[in-house]
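Subject: Structure for you to look at

Hi,

Here is the structure I promised. Please open it and follow along with the notes below.

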Amino acid sequence: MKLMPTVFCLLLVVLALGGARVEARGTPSADQGSKNQWSSMFVFGDGFVDNGNLPKTDTWRQWSYPYGSYLNSRGSATPVPTGRLSNYWIQSDFIARILGLNEAPPSHRLTPHLSCDPSGMTFAFGGAGVYEVPDKKVPTLATQVNAFTRLLNTGVISKQQLQSSVALVSISGSDYMTGANVDNAFLSSFDDTDSYIGNVTTEIAKNVGKLQRLGVRKVLVNNMHPIGCTPLRTSANNYTTCDLLANYAATVHNNNIEHLMGNKNNAHILDLYTAFTDIVNHAPGEGSEQSNNFKRKLTPCCEASTELGYCGQVSPSGKRLYDLCKNPEKNFYWDETYPTTAGWEAVTEALEEPLREFLDRDYVP
């Protein structure tokens, strides 16, 4: 096999995103949903939307403190990790509220056998992509969609439930990690970086099409956030500036998604790139109103004490090997990759108006 060119190898390195981890569950009353009644939500993808599919082992830190450590304004909430990669709610929880649900639907792993919650099901796994990432050993997007298909074919998920369903698809960069299994990426050559990114986005669009053919009424698809602004990339500059090369790669990904999905009926692109950028990487005097809520935009709330460490790491004696900020509400990022609950809330506010407009449109057969 030919060696990857230097540029492509560099691209894979700068796009490296951390494993998969997550946060805690609440049951407040849901916001008023759209005029259409969306009673079910099916969630696919990676750690932006995984709420408990990764097993409770030492390998996956989202099941350990300080993940899920959110305290309310009175400090009375009990910190309980729920498998989310944040200090509390994640993207899928906030999207669920817009649909009129209380929170994201239960994870597939924690749903009783041969059953489906009326609110739907979450198939996403932290660290997943459209291709296998061998060091993570988590189901690809297609594998997740196939699991959904089996439950539909066996009647566990009813056709009737699909009539009022929305799917959320989140692929946030694992395919561009150096550990991604590019041997199975259907490439004849590694000479063209754009070709590889094109294959990733084509796989996303293919699985969106399959969900639609199976009967899901509407599909929401994340575009790529500015991955060069994650603390994983900004740490090299003392959390002061974003990595331009990584952000450029995200724009290539997003241009492909727009080309493949922009005119597709009953599908909507959630513009994470703009929403994130307007908060964490805007020009002086510009940006969104939500940007003013964060004092630390490129610095993680939970930061490893050592270069190769991670949020939540403890020594054999139980000593914490990470530093935790006092007020996560003022940090956009929770760890080196994933936003805080406050960060996700701000992002969702930016996405909400066009999303509600899309949800209110009539289904196009």
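Start with Gln 290. Apart from neighbours within four places in sequence, Gln 290 is in contact (heavy atoms within 4.5 Å) with Ile 279, Ala 346, Glu 349 and Ala 350. Gln 290 lies in the loop between helix 8 (272-280) and strand 6 (296-300). Its relative accessible area is 13%, so Gln 290 counts as buried. Buried means under 20% relative accessible area, exposed over 50%, and partly exposed in between, with a 1.4 Å probe and protein chains only.

A word on the source. This is a predicted model: local features need pLDDT of at least 70, side-chain atom pairs need pLDDT 80 or more, and totals for chains, interfaces and linings use all residues. Residues are numbered from 1 along each chain as its sequence is written, and side-chain values use heavy atoms, leaving out hydrogens and water.

Helices (H or I, at least four residues) and strands (E, at least two) are DSSP runs, numbered from the N terminus.

Now strand 4 (residues 218-222). Five of its five residues are buried. Lys 218, Leu 220 and Asn 222 point one way, and Val 219 and Val 221 point the other. Strand 4 runs parallel to strand 3 (residues 165-170), joined by four bridges; pairing takes at least two DSSP bridges. Leu 168 stands opposite Leu 220. Four bridges also join strand 4 to strand 5 (residues 267-270), again parallel. There, Val 219 stands opposite Ala 267.

Last, helix 7 (residues 244-261). Its buried residues include Ala 246, His 253 and Met 261. At its start, a side-chain oxygen of Asp 243 reaches to within 3.0 Å of the backbone nitrogen of Leu 245.

Best wishes

Technical notes
A polar contact is a pair of N or O atoms within 3.5 Å; within protein, one must be able to donate a hydrogen and the other to accept it, and residues adjacent in sequence count only if both atoms are side-chain atoms.
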